[in-house]
Amino acid sequence: MDTKKFIRTAMLTALACVLTIIPKVPIGGGYVHFGDCIIYVAAIMMGSLPGAIVGAVGHSLADLLSGFAIFCVPTFIIKAVMGFTIGKIVHKNIDAKHFILGGIAAFVIVTGGYFIAEIPLMGYETALISLISSPIQWAMSVAASAVILPILVKNRNRLGF
């Protein structure tokens, strides 16, 4: 990773952390936030490794700072896999088809990942609630990313991506 990509990854990691914390709208067992769309931006514009780093570090740090330390390790793993997978699917092929495939993969990873993680942490009944809140969070993130990414892709050369 060159210096420019390293700095952009660090900046997007910080932005993902902040946008995971503020604003957040409580739903079910979790909350809706804009942090996930930053994972999409990092993974699609810069690749798998930056996507994984932004997801893992930015979101785990947000959990820690928000009082959800119990979720730091599951979040680190789930968001890293999400960012890495989106980058693998979409980074080299930025089009609607690959964006949809990356979004579907993210849906499966996040919804399944948090469901499995919450069973030992909070119990089966509480984990079932994540099957409602995770898809809502996912839909919001995909929608926000679908608005932001075409602008970034269009201006890719000017932005240096």
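Biologist: How much of the chain counts as buried?
Modeller: Of the 161 residues, 47% count as buried. Buried means under 20% relative accessible area, exposed means over 50%, and partly exposed is in between, with a 1.4 Å probe and protein chains only. This is a predicted model, where local features need pLDDT of at least 70, side-chain atom pairs count only at pLDDT 80 or more, and totals for chains, interfaces and linings use all residues. Residues are numbered from 1 along each chain as its sequence is written, and side-chain values use heavy atoms, with hydrogens and water left out.

Biologist: And what is the accessible surface of the chain?
Modeller: About 8000 Å², of which 75% belongs to carbon and sulfur atoms. Accessible areas come from the Shrake-Rupley method with a 1.4 Å probe, and for residues only the protein chains shown count as cover.

Biologist: Which elements does the chain have?
Modeller: Seven helices and two strands. The order from the N terminus is α-β-β-α-α-α-α-α-α. Helices (H or I, at least four residues) and strands (E, at least two) are DSSP runs, numbered from the N terminus.

Biologist: What does the radius of gyration say?
Modeller: The radius of gyration is 15 Å, close to the 15 Å that the globule rule gives for 161 residues, so the chain is as compact as a globular protein of that length. The radius is taken over C-alpha atoms, and the rule is 2.2 Å times the number of residues to the power 0.38. Along the principal axes, the C-alpha atoms fill a box of roughly 50 × 30 × 25 Å.

Biologist: What share of the contacts join residues at least 24 apart?
Modeller: 70%, among contacts between residues at least 6 apart in sequence. Contact means heavy atoms within 4.5 Å.

Biologist: Cavities next. How many of 30 Å³ or more does a search of the whole structure find?
Modeller: One. The volume of this largest cavity is about 30 Å³. On a 1 Å grid over the protein atoms alone, a cavity is a set of points where a 1.4 Å probe fits but cannot get out, while a pocket is an open set with protein on both sides within 12 Å along at least five of seven lines; lining residues have an atom within 4 Å of a point. Grid points are joined across faces, edges and corners, and a volume is the space filled by probe spheres set on the points.

Biologist: Which residues line the largest cavity?
Modeller: Asp36, Tyr40, Met82, Ala106, Val110, Trp138 and Ser141. Helices H2 (35-46), H5 (96-122) and H6 (124-154) are the elements that give two or more residues to that lining. By class, the lining divides into five nonpolar, one polar and one charged. Here Ala, Val, Leu, Ile, Met, Phe, Trp, Tyr, Cys and Pro count as nonpolar, Asp, Glu, Lys and Arg as charged, and the others, Gly among them, as polar.

Biologist: Tyr40 then: buried or exposed?
Modeller: Tyr40 counts as buried, at 1% relative accessibility. Tyr40 is in helix H2. Not counting residues up to four places away in sequence, Tyr40 touches residues including Met82, Ala106, Trp138 and Ser141.

Biologist: Which peptide bond is cis?
Modeller: The one from Ile22 to Pro23, with omega near -15°. Pro23 is in the loop between H1 and strand E1 (25-27). In general, most peptide bonds are trans.

Biologist: Last topic, Ala127. What is it in contact with?
Modeller: Phe115, Glu118 and Ile119, leaving aside neighbours within four places in sequence. Ala127 is in helix H6 and is buried, with a relative accessible area of 0%. Its C-alpha atom is 5.1 Å from that of Phe115, 12 residues apart along the chain.

Biologist: And Ile119, where is that?
Modeller: In helix H5. Ile119 is partly exposed, with a relative accessible area of 32%.
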